[in-house]
Amino acid sequence: MKLESKVPTGPLKDSWDKYRFDIKLINPANKRKYKVLVVGTGLAGASAAASLAELGYVVEAFTYNDSSRRAHSIAAQGGINAAKNYTNDGDSIWRLFYDTVKGGDFRSREANVYRLAQVSNNIIDQCVAQGVPFARDYGGLLDNRSFGGAQVSRTFYARGQTGQQLLLGAYSALMRAVGKKQVILHTRKEMMDVVIINGKARGIVTRDLVTGKIESHWGDAVLLATGGYANVFFLSTNAQACNVTASYRAYKKGAAFANPCYTQIHPTCIPVSGDHQSKLTLMSESLRNDGRIWVPKSRDDKRPPNQIPEEDRDYYLERKYPSFGNLSPRDISSRAAKEACDDGRGVSVTGFGVYLDFADAIKRLGQKVIEERYGNLFEMYERIIGEDPYKTPMMIYPASHYTMGGLWVDYNLMSTIPGLHVMGEANFSDHGANRLGASALMQGLADGYFVIPYTLGHYFATEKPEKISMDNEEFKKAEKEAEEKIQKILSINGKRTPTQFHRELGKIMWEYCGMARNETGLKKALELVPQLREEFWKDLTVTGGKESLNITLEKACRVADFLEFAEVLLWDALERDESCGAHFRTEHQYEDGEAKRNDEKFAHVAAWEFTGIGNKPVRNVEPLSFENVQLAVRSYK
Amino acid sequence: MKLTLYIWRQKSAGDKGFMELHNVDNVSEDMSFLEMLDVLNEKLLLEGQEQIAFDHDCREGICGACSLIINGTAHGPEKATTTCQLHMRKFKDGDTIYIEPFRSIAFPVIKDLVVDRSAFERIMSAGGFISVSTGNAQDANALPIPKADADLSMDAAQCIGCGACVASCPNGAAMLFVSAKVGQFAYLPQGQAERKERVLNMVRQMDAEGFGSCTNLYECEAVCPKQISVRFISKMNRDYLCSSFLENKK
């Protein structure tokens, strides 16, 4: 497999401008001759569908939800970065670019990241024009705040609901296009497969979740904006329906899957309370500004937290990392919590939790100040746990919440299958091995509003996709495969539920491929996952029929793909024999616990190629060259 | 704790539904309401029965997918809380709970507790936007917006589109939902150009979908998980009235 990044030559600063000048255009009257299928209507999908429709393309968009507004982009709390430098504190496109490359631990493609930083400013302008009610100061101008991994205030926000407001902005643009009949929006339809004809992506097969009908749709290009795969861990901060199916189906049809082992763990989530747990709730990281993290010094100390005296507490972050303390980077804090709990000193009913204590801050600043800063978070915590965090320390534990890996794309956002483009969290390109806070929203909207409208036109103008017929046997074949898979799932009649298998898979992945990984564990997991998959196809039970809404069947189809995909993730984690960003191999670390990269051997993208279920996929390599930033040890000391 | 549940079952839109009795035990107070239903669903599946369908997704109170009328109240007994954020510690051992879908003429049942809220989508596409295409928007700070207006706009914009307002309204009115969207743009300078057409188009679509009229009962505000205020309804009524008069003058 050949991985051509197609990055324009010449100076980095001019690359996107030069690209836009060099591309071939399609005249406005001819755009309506091209049909685009957009799968997924979160930030990236909705913004792309709307923008392409405005240009004149015929667009059909698909979501498994009942509305585009339900996509999980809606849950992002913190904000969106942009290099506006409104605060006059030294920000610039270059600085945003540099921070993002460094934050990604030097495993992203320079030109993509630079383009992202460039268009970040247009995003804010566009969103304000749409009526997104960003926070403002008393002069009526936009307010900014600072976020992890940056020394400038460049984050725009709308209370604690920035993702919601940005998604509603993109959604309103999409609904405007739907009203004007420029976009046909298919709701409650899930993509089952992508259809390749003459080597190009020419359509998809979907299942109507209400009627069960399997149908084909043709297009001149297919755009996947189907999000990340954090639910491979079963418990994550993702929404319940988030899944890998669309990406994984594309992978099976020949799209390379890049860096699947880059999965991010968020340190401040509400801990698991029992086996009934269905998801983990994220609490803003800002809590660590005033809270102190600790566990009891002794394993046998089962006293309530308020009765444990100062000398019997281990403020382990302050002890191990005196300069950064409770504000140590996400990955370091997460691993330190795991170590304390693995040592048997964890708190909460399951033993997987650590205290986040505000007693000192309340004493120092008064309860009122803490209330102003974190009131809504404290309320949410009390609702879920039933304890008052003003009186009893909060309990937190890390959880999986974002995946940097995804389908491999070139500078045009095109995968290794011509015509199949991938946007947002579903692609791999901009965050390297670790994503900085407030950058996910930025990337999703950059891809949808400002990148794909250019690059897709160039694809059409150069490739000129030929006419195809819906009678093409590839459609029939893909439909038949989808039908057969469903039939197979319904006919096993075993004894275990899809959720049981999913939970089992999650346990394996979290144990051996979660916050910290090593060769022995990964090899063990590579034995366990295929066994579990085999049991799935022998012992699964699914009730109900295929011709109506069947939540059990939906879940089973998604779990079936997670069970295959998990192996790709494990292979990637095993073969990337270094630590970088969120991928932490215990064999490779500095004395202070920071990830130890191996730039000589691993300064590249690993893009995996499907070779059959259960077979080891082929690892292809795209070397990364850093001409504008110098590779350095990522240090926040 | 042990609970007695009566849950609405309905095979499809055309089917006549019924309340089905389920006894559940070992319910932990740490479970969310939906996790309690998950546990029941797992049990049903292992007994070879069909699982109860209900809408849900983010489970953190923001996507607006979850619904349910719990003991007669949309989203259950806790104020300003979606069903997914409601926890079982709000109930006690031995309780009987009635669980029904968000019923309304404009929200037909699809199956069990899942209803079709696509009427909201059509109202949105009738005018729930500012007509700006992607491209050369002016600099975001070129248009200062007084903080008070921006805050009011944000108060309205918080609506999650769950439809609790409709489900709890004896008239089946969607006024709170529509006024939240109309209000968000009415307070912003960007929204002024289309202000009149927007309110007329959205209200007309709302009527066409079969939603009822507002008679100031404020049930909507009482159950709204995002605490959207009914003042947006009066704001929308003023806008609607002015716009209709001006339209007739043309």
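## Helix pair H3 and H6 of chain A

In this predicted model, H3(A) passes H6(A) in a left-handed crossing. The two axes come within 8 Å, and they cross at roughly 35°.

On the H3(A) side, the meeting residues are Leu43(A), Ala46(A), Ser47(A), Ala49(A), Ala50(A), Ala53(A) and Glu54(A). H6(A) answers with Leu166(A), Leu167(A), Ala170(A), Tyr171(A), Ala173(A), Leu174(A) and Ala177(A). Sorted by class, this contact of H3(A) with H6(A) comprises twelve nonpolar residues, one polar and one charged.

## Contact between chains A and B

Chain A contributes 64 residues to the contact and chain B contributes 65 residues. Six helices of chain A each supply at least two residues of the side that touches chain B: H3 (43-55), H5 (110-130), H6 (162-179), H11 (367-385), H12 (440-463) and H16 (551-575).

H6(A) gives the most to that side of chain A, with nine residues. The side of chain A that touches chain B divides into 24 nonpolar, 29 polar and eleven charged residues.

## Four-stranded sheet of chain A

An open sheet in chain A has four strands in the order S17-S11-S19-S20, paired antiparallel. Strands S17 (406-407) and S20 (618-623) of chain A each have a single partner strand, so one side of each lacks a neighbour in the sheet.

S11 (residues 257-258) of chain A is joined to S17(A) by two bridges, and these strands run antiparallel. Ala258(A) has Gly406(A) as its bridge partner in S17(A). H16(A) packs on the sheet, where it touches S11, S19 (604-609) and S20 of chain A. The direction of H16(A) makes about 145° with that of S19(A).

How values were computed: Residues are numbered from 1 along each chain as its sequence is written. Chains are lettered from A and ligands numbered from 1 in the order in which they are written. This is a predicted model: local features need pLDDT of at least 70, side-chain atom pairs count only at pLDDT 80 or more; totals for chains, interfaces and linings use all residues. Two residues are in contact if their C-beta atoms, placed from the backbone, lie within 7 Å. Ala, Val, Leu, Ile, Met, Phe, Trp, Tyr, Cys and Pro count as nonpolar, Asp, Glu, Lys and Arg as charged, and the others, Gly among them, as polar. Axes are lines fitted to C-alpha atoms, for helices over the stretch in contact, and angles run from 0 to 180 degrees between N-to-C directions. A crossing is left-handed if the near helix is turned anticlockwise from the far one by less than a right angle, and right-handed if clockwise. Two strands pair if DSSP finds at least two bridges between them.
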